[in-house]
Amino acid sequence: MTTTADELRDEVRRRYAESARAVMDGTGECGCGSGSCCADSDAEAEMFGEALYDAEQRGALPEAAVLASLGCGNPTAVAELREGETVLDLGSGGGIDVILSAKRVGPTGTAYGVDMTDEMLALARKNAREAGVTNVHFLKGVIEQIPLPADSVDVVISNCVINLSVDKPAVLTEIARVLKPGGRIGISDVVAENTLSPAERAERGSYVGCIAGALSEAEYEAGLEAAGFERVGVRFTHQVADGMHGAIVRAVKTSLPESRGLPVVQPSASAGCC
Ligand SMILES: C[S@@+](CC[C@H](N)C(=O)[O-])C[C@H]1O[C@@H](n2cnc3c(N)ncnc32)[C@H](O)[C@@H]1O
């Protein structure tokens with residue numbers, strides 16, 4: 001029997017609802033050391049979750065936000081965030097990267113988190129209250145249809161979520177839509193070496209465990225370029241399985257139409273104003 005995209009997304013939602021409930025109840029159960037549902041062993045707990053944040057960042061957060069960390073990197077460490085900017089975290093989970101971003105952009109800036117799982121949204125809102133940050137908004141939605149207007153965001157971050165999407169081209173197109181021209185992305189994700197086929201990726205781990213659905217480096221680069229990004233870079237940071245890595249993905253939304261390969265219409269001298 002084949003699994004449809006809707007069934008796969010429901011499975012992802014169930015898995016992360018369970019993870020959020022475990023953190024809320026204080027049971028910390030997910031079958032893994034750090035509370036990370038991406039990690040299935042103590043060794044893997046070093047590759048995912050709270051271990052990827054430095055002591056200073058962890059110290060500035062409520063314990064539940066740290067425990068709920070399920071990422072495969074630390075996008076706030078690579079995304080250049082400036083005072084007053086608007087940041088969007090895709091698949092914000094327990095809110096760790098939204099809270100850290102909110103502190104970085106300060107009271108004149110705003111940090112949004114989008115997540116499809118009610119339990120995660122409840123956990124993130126609780127964590128933000130406990131952290132005392134008020135310039136945050138957690139929105140319910142799917143990252144394939146981001147619930148924000150076009151050209152409204154300066155920086156998109158995300159931590160170990162795009163590999164879970166059942167429609168990755170839609171996610172990349174949506175990121176381009178919500179970013180302002182010249183807007184940046186700083187994404188942590190699991191990325192496969194180009195030599196691994198989708199079947200070989202699936203042999204190395206499950207879809208809900210952030211492995212089987214990972215894009216390859218070349219697929220990420222081509223997808224971002226097709227969606228209208230330039231200065232695309234994928235950098236492996238640590239191995240999470242044979243031929244698969246935690247990676248930092250960076251890119252900038254093109255600000256000029258010609259750099260997207262579209263013809264630029266030059267106004268003719270006789271066109272007048274109307
Ligand atoms: C591996 S966890 C990462 C959470 C968070 N980014 C972190 O670093 O702790 C994945 C999160 O993405 C959310 N998610 C997965 N697929 C999604 C989708 N298509 N749309 C919205 N949220 C999604 C899940 O509900 C979960 O909270």
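## Helix H7 and its neighbours

The buried residues of H7 pack against H1, helix H4 (63-67), H6, S2 and strand S3 (136-140). Here, buried means under 20% relative accessible area, exposed over 50%, and partly exposed in between (1.4 Å probe, protein chains only). Helices (H or I, at least four residues) and strands (E, at least two) are DSSP runs, numbered from the N terminus. This is a predicted model, in which local features need pLDDT of at least 70 and side-chain atom pairs count only at pLDDT 80 or more, while totals for chains, interfaces and linings use all residues. Residues are numbered from 1 along each chain as its sequence is written, and side-chain values use heavy atoms, with hydrogens and water left out.

Helix H7 runs over residues 118-131; its 14 residues reach 20 Å from the first C-alpha to the last, close to the 20 Å expected at 1.5 Å a residue. The expected span of a helix is 1.5 Å times one less than its number of residues. Which residues of H7 are buried? They are Met-120, Leu-121, Leu-123, Ala-124, Asn-127 and Ala-128. These residues lie on the same side of H7, because they cover an arc of only 165 degrees around the axis. The arc is that of the directions from the helix axis to the C-beta atoms. An α-helix has 3.6 residues a turn, so residues three or four places apart point the same way. Just after H7, Gly-132 takes a positive phi of about 75 degrees.

## The chain as a whole

The secondary structure of the chain comes to ten helices and eight strands. Of the 274 residues in the chain, 53% are buried. Contact means heavy atoms within 4.5 Å. Among contacts between residues at least 6 apart in sequence, 69% join residues at least 24 apart.

Helix H8 (residues 168-178) is mostly covered, with eight of its eleven residues buried. The buried residues of H8 include the charged residues Lys-168 and Glu-174, together with Ala-170, Val-171, Leu-172, Ile-175, Ala-176 and Val-178.

## The largest cavity

The structure holds one cavity of 30 Å³ or more, and about 430 Å³ of space lies in the largest cavity. On a 1 Å grid over the protein atoms alone, a cavity is a set of points where a 1.4 Å probe fits but cannot get out, and a pocket is an open set with protein on both sides within 12 Å along at least five of seven lines; lining residues have an atom within 4 Å of a point. Grid points are joined across faces, edges and corners, and a volume is the space filled by probe spheres set on the points.

Of the 34 residues that line the largest cavity, Gly-91, Gly-93, Asp-115, Val-161 and Leu-164 are the closest to its centre. At least two lining residues come from each of helix H1 (5-25), helix H6 (96-105) and strand S2 (110-115), and H1 gives the most, with three. The lining divides into 18 nonpolar, eleven polar and five charged residues. In this division Ala, Val, Leu, Ile, Met, Phe, Trp, Tyr, Cys and Pro count as nonpolar, Asp, Glu, Lys and Arg as charged, and the others, Gly among them, as polar.

## The largest pocket

The largest pocket contains about 240 Å³ of space. Its lining has 13 residues, of which Arg-184, Ile-185, Arg-250, Ala-251 and Val-252 lie nearest its centre. Strand S5 (179-192) and strand S8 (244-253) are the elements that give two or more residues to this lining. S5 gives the most, with four residues. By class, the lining of the largest pocket has six nonpolar, two polar and five charged residues.

## Individual residues

Tyr-53 lies in the loop between helix H2 (42-45) and helix H3 (55-59). Is Tyr-53 buried or exposed? Tyr-53 counts as buried, because its relative accessibility is 3%. Leaving aside neighbours within four places in sequence, the contacts of Tyr-53 include Arg-58, Ser-69, Ile-96, Leu-100 and Asn-159.

Asp-151 has a positive phi of about 55 degrees although it is not a glycine. Asp-151 is placed in the loop between S3 and strand S4 (153-159) and is partly exposed, with a relative accessible area of 43%. Cys-210, also a residue other than glycine, has a positive phi near 75 degrees. Cys-210 is found in the loop between helix H9 (198-203) and strand S6 (215-216), and is buried, with a relative accessible area of 0%.
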